[in-house]
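Hi there,

Here is the model I promised to pass on. Please have a look, and then read on for what turned up in it.

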Amino acid sequence: MSSSCRFDGCTVDETGVCALERAPLNCSNRISNEAAGATSADAQDGDEALSGFGDRLGAPVLDQPRGASAFTSSQTLGLADLNALMATRYVKVVGILGDPESGKTACLASLYLLVSHAKLEGWSFADSKSLAAFEDIARGARDWNKGKAPEQMTVHTELADDHGPGFLHLRLVRRSDGRRVDLALPDIPGEWTQALVNSAQSDRLDFMKSAETIWIVLDGRSLADIEKRHGLIARVGQLARRLDTMLDGRAFRLLVVVTHQDLHVLDPNVAHRLQAELARHGAEAEIVGVAPFSDKPNEVPAGFGIADLINLTAGKQPDRPIFWRSTEPAESSRAYLKHRRDR
Ligand SMILES: Nc1nc2c(ncn2[C@@H]2O[C@H](COP(=O)(O)OP(=O)(O)O)[C@@H](O)[C@H]2O)c(=O)[nH]1
Ligand SMILES: [Mg+2]
């Protein structure tokens, strides 16, 4: 391009010849002719045809194939994105519940930091459709405002009620057998759990119907505090009951994740009481102690227990209840009718 012409490759300054074979004084690409460009272009019908051709000179011959990811990598995935991803591969959706400040986001941040530094025992990073959202979380840049989704997430999810969850995606490879696992992990505000327990408000948690594993995250400090312990355990029981109603008999694996293990190691008696309370509500759970961050790194390293949590989350599905128990029919008895009569 010469200094007096905007057309790429034109050497009119050096040669005096217009690359589009126009009269240099009239060519609309000449910087000095810019103001007059419109009029002169109108006047030059033949030139216009050439100019159209010239615009395409050097442009790619074929359109770029549309194979790129449809997701904006800078954000969490909305429900529509998650559905699209689930249509292409098997994704394990995880439900993450817990009171505000219990350590839900800390678990996700710690998982990301471990995996990104190749320190998640037994697992390697394979891919993520939401790296920047993990970054935001790890930097503490994403915050919930009284249970309301951050604006960038609500815009992205494009849900009418502005209350959709945002999911983080992580594809991990298990080192022992090379198995790939895609996890969709929602970062949702603790107020949603409180609303579920207190007033059975479950509409925005509808995605949990697709969850294979549900984490109930508990603050280890509250469990260690004798004044708060009883109330917290009772609420976990109520939450399990709500989940059972909401999920309407669907099978899922329940993990109770107790944070702050760096400050308070979970007492086996307390764990036993938790199990008993859950059993009273017809639920069963495995309990995992974690310390996503650590105030005592020499005693308990940051990220403690996160690999166990992922092992359990990515492990085999819970056994489904037996749909129709098989019974050996007594000779000549009409088993089906008898079964109906028994009900
Ligand atoms: N020392 C320590 N701090 C933790 C642990 N888990 C969470 N925290 C801190 O507890 C606070 C609340 O955690 P956060 O993940 O934001 O709670 P959320 O509201 O459930 O998402 C944050 O300041 C975390 O850094 C832990 O295991 N040990
Ligand atoms: Mg949080």
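Strands β2 and β3 (residues 166-174) pair in the antiparallel sense over four bridges; strands here are DSSP runs of type E with at least two residues, numbered from the N terminus, and two of them pair if DSSP finds at least two bridges between them. Within this pair, Trp 123 has Arg 174 of β3 as its bridge partner.

Both strands belong to an open sheet of seven strands with mixed pairing, in the order β2-β3-β4-β1-β5-β6-β7. β2 (123-127) and β7 (286-289) are at the edges with a single partner strand each, so one side of each has no neighbour in the sheet.

This is a predicted model, in which local features need pLDDT of at least 70, side-chain atom pairs count only at pLDDT 80 or more, and totals for chains, interfaces and linings use all residues. Residues are numbered from 1 along each chain as its sequence is written, chains are lettered from A and ligands numbered from 1 in the order in which they are written, and side-chain values use heavy atoms, with hydrogens and water left out.

Now to ligand 1. An oxygen atom of ligand 1 lies 2.7 Å from a polar backbone atom of Glu 101, and an oxygen atom is also 2.7 Å from an N or O atom in the Lys 104 side chain. A nitrogen atom of ligand 1 is 2.8 Å from a polar side-chain atom of Asp 262. For polar contacts to ligand 1, the cut-off is a pair of N or O atoms within 3.5 Å.

Happy browsing!

Key. Polar contact = N/O pair within 3.5 Å; in protein donor to acceptor, adjacent residues only side chain to side chain.
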